[in-house]
Amino acid sequence: MSRCCSAPTLTRRTEALESVVGCRLSVFGRRLSVLQAPVWPCRALTKIHRMHTMQPQQVPRLSDMKRILFFLVFSMAGCASPMSTLQTARTTPKGDVDAYVGIGANVSTSLIGSISDLGEDAADKAKAQIDQGQTPNLTQQDRENIIGAAISYGLFGPVPVAEFGVRYGLMERWDVGAAYTSAGFKLETKVMFLSQRTDGFDLSLGVVGQRQSYEPPVPSFLKDVFQLEDIKRTNIAFNLLAGKHFGRNAFVYGGPKLVYTNLELGFIEQISDSTANSVVVDDSFVMAGAVVGGGLGWKYVFFMLELNALYYNYEATILDTPLAVSGIDFYPALAFRVQFY
């Protein structure tokens, strides 16, 4: 623990950040003291200034970059499941390391379409009956609309998700990586089959495993009739990426991706009678789509921007109510990447 901060001070800082992002910050069920390193904005900016004015032949020190990146990550933290890629088709060279700090957010068509509006209308109808002292009396379609809206927000809530990751080159065309997100962690590996040096472009296959545990964002119109509990979500993604680098100043990448998702979701429903119904959903579904992205930078530091688009079709029977939620989840993401080579 830092010599600059006592345990009570760290606890107060963690609680303050939790109140801002609206969820409890934890890893493997243990509460996270997110500011255990004395990283303050002024110190981070000082380090950025030193990097900007350093000599071209100097490479940023890993200890300095870790403090800067962690400060940026936790200042942007939110709680949801990330669908970002944030890596090129090229693997990290053998024995070298690169790191990134990024942020993204889900923009789902099922949330900006009719399902959200219909769910809000049905929830308002239920709340009006509750306010009048009546037991909610909703049609089957009303129930489907409310549950559909709740599941959509649980799966693809529009909350910014921050992440910090590192990659290490095991072999010339094989690297591994790990990332901490504001909802959990990611482990990944990538093998490059074609190299731009010999084949004109890079081509690789990456596998990413994610484990997320987070409190879903619940819109205000659902709070009195539907309570979503913590979501546990496991994603396994396969990314087939092609890309090209333009010297040390720019790169582009893109390709298809497939994501298998296992969802554990608990919620309490209060729209059928005066007694709440507690339900646990343990289900799986597959999303398919693509990613396209690129980056600009100078030597060691790059700015990345990408767009992920995944089609989903989730079907289930919840509380004897058949449910079908489908659409496209757009996940724009941006990141700063540092190459320590």
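Helix α6 covers residues 140-156, and its 17 residues should span 24 Å at 1.5 Å a residue; the end C-alpha atoms are 24 Å apart, so the two values agree. The expected span is 1.5 Å times one less than the number of residues. Helices here are DSSP runs of H or I with at least four residues, strands are E runs of at least two, and both are numbered from the N terminus. Of the 17 residues in α6, 14 are buried, which leaves the helix mostly covered. Buried stands for under 20% relative accessible area, exposed for over 50%, and partly exposed for what lies in between (1.4 Å probe, protein chains only).

The model is predicted: local features need pLDDT of at least 70, side-chain atom pairs count only at pLDDT 80 or more, and totals for chains, interfaces and linings use all residues. Residues are numbered from 1 along each chain as its sequence is written, and side-chain values use heavy atoms, with hydrogens and water left out.

The chain as a whole has seven helices and 13 strands. It holds 341 residues, of which 48% are buried. Contacts are heavy atoms within 4.5 Å. Among contacts between residues at least 6 apart in sequence, 68% join residues at least 24 apart. The accessible surface is about 16,000 Å², with 59% of that area on carbon and sulfur atoms; the method is Shrake-Rupley with a 1.4 Å probe, and for residues only the protein chains shown count as cover.

Most residues other than glycine have a negative phi. Leucine 86 has a positive phi although it is not a glycine, and lysine 299 likewise has a positive phi without being a glycine. Their values are set out below.

Is threonine 92 buried or exposed? Its relative accessibility is 2%, so threonine 92 counts as buried. The side chain of threonine 92 makes a polar contact of 2.8 Å with the side chain of aspartate 98. Such a contact is a pair of N or O atoms within 3.5 Å; within protein, one must be able to donate a hydrogen and the other to accept it, and residues adjacent in sequence count only if both atoms are side-chain atoms. Apart from neighbours within four places in sequence, threonine 92 is in contact with Val97, Asp98, Arg167, Tyr168, Gly169, Met171, Asp175 and Tyr341.
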